[in-house]
Amino acid sequence: MSGFTDVKQRKFIHLLRWLGNNKGVEIRQGGRHNIKVTCIRTGESYPIPGSHREINKHIVKDFMEWLINSEICTEVEFRERLK
């Protein structure tokens, strides 16, 4: 679990915008979770509770693993965008 910390909502939203513009994902708002990220290639989706001021480190880690497993981005790209 080392290397993961809570991420401010603003930084996380910038990451999501970058993914939506460059990496083939669709970002939708609404529903039980504020944000739903959908991989265009596979159709899989990942819900994110984005209404909090800080996104929990466990959610950040799980989301990064989902992105890597879906071959959307690499860990290096993900961490670079959250700096």
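1. A contact here means heavy atoms within 4.5 Å. Keep that in mind for this predicted model. Among contacts between residues at least 6 apart in sequence, 47% join residues at least 24 apart.

2. Start with the overall layout. The protein has 3 helices and 5 strands. Along the sequence, they follow the pattern β-α-β-β-β-β-α-α.

3. Next, the dimensions. The C-alpha atoms fill a box of roughly 30 × 30 × 20 Å along the principal axes. A compact globule of 83 residues would have a radius of gyration near 12 Å, and the protein agrees, with 12 Å. Buried residues account for 33% of the 83 residues.

4. Now look inside. The largest nonpolar core has 23 residues. Which of them touch the most other members? They are Phe12, Leu19, Phe63 and Phe78. Helix H1 (9-22), strand E3 (35-39), strand E4 (45-48) and helix H2 (57-69) each supply at least two residues of this core.

5. Leaving aside residues up to four places away in sequence, Phe12 touches Val7, Ile48, Ile55, Val60, Phe63 and Leu82.

6. Take H1 on its own. Its 14 residues reach 20 Å from first C-alpha to last, close to the 20 Å expected at 1.5 Å a residue. Phe12, Leu15, Leu16, Trp18 and Leu19 are its buried residues. Seen down the axis of H1, they fall within an arc of 160°, so they line one face of the helix. The face turned away from this buried side carries the exposed residues Arg10, Arg17 and Asn21. After H1 comes Gly24, with a positive phi near 75°.

7. Compare H2. This helix has 13 residues and reaches 18 Å from its first C-alpha to its last, close to the expected 18 Å. Its buried residues are Val60, Phe63, Met64, Trp66 and Leu67. Down the axis of H2, these residues lie within an arc of 160°, so they too line one face.

8. What covers the buried residues of H2? The cover includes strand E1 (7-8), H1, E3, E4, strand E5 (54-55) and helix H3 (75-81).

9. Check both ends of H2. Just after H2, Glu71 takes a positive phi of about 60°.

Notes. Residues numbered from 1 in each chain as written. Predicted model: local features only at pLDDT ≥ 70, side-chain atom pairs only at ≥ 80, totals over all residues. Heavy atoms only, no water. Core = buried A, V, L, I, M, F, W, Y, C linked by side-chain atoms within 4.5 Å. Buried < 20%, exposed > 50% of the residue type's maximum accessible area, 1.4 Å probe, protein only. Helix = DSSP H or I, 4+ residues; strand = E, 2+ residues; numbered from the N terminus. Expected span 1.5 Å × (residues − 1). Arc of directions from axis to C-beta. Rg over C-alpha atoms; globule rule 2.2 N^0.38 Å.
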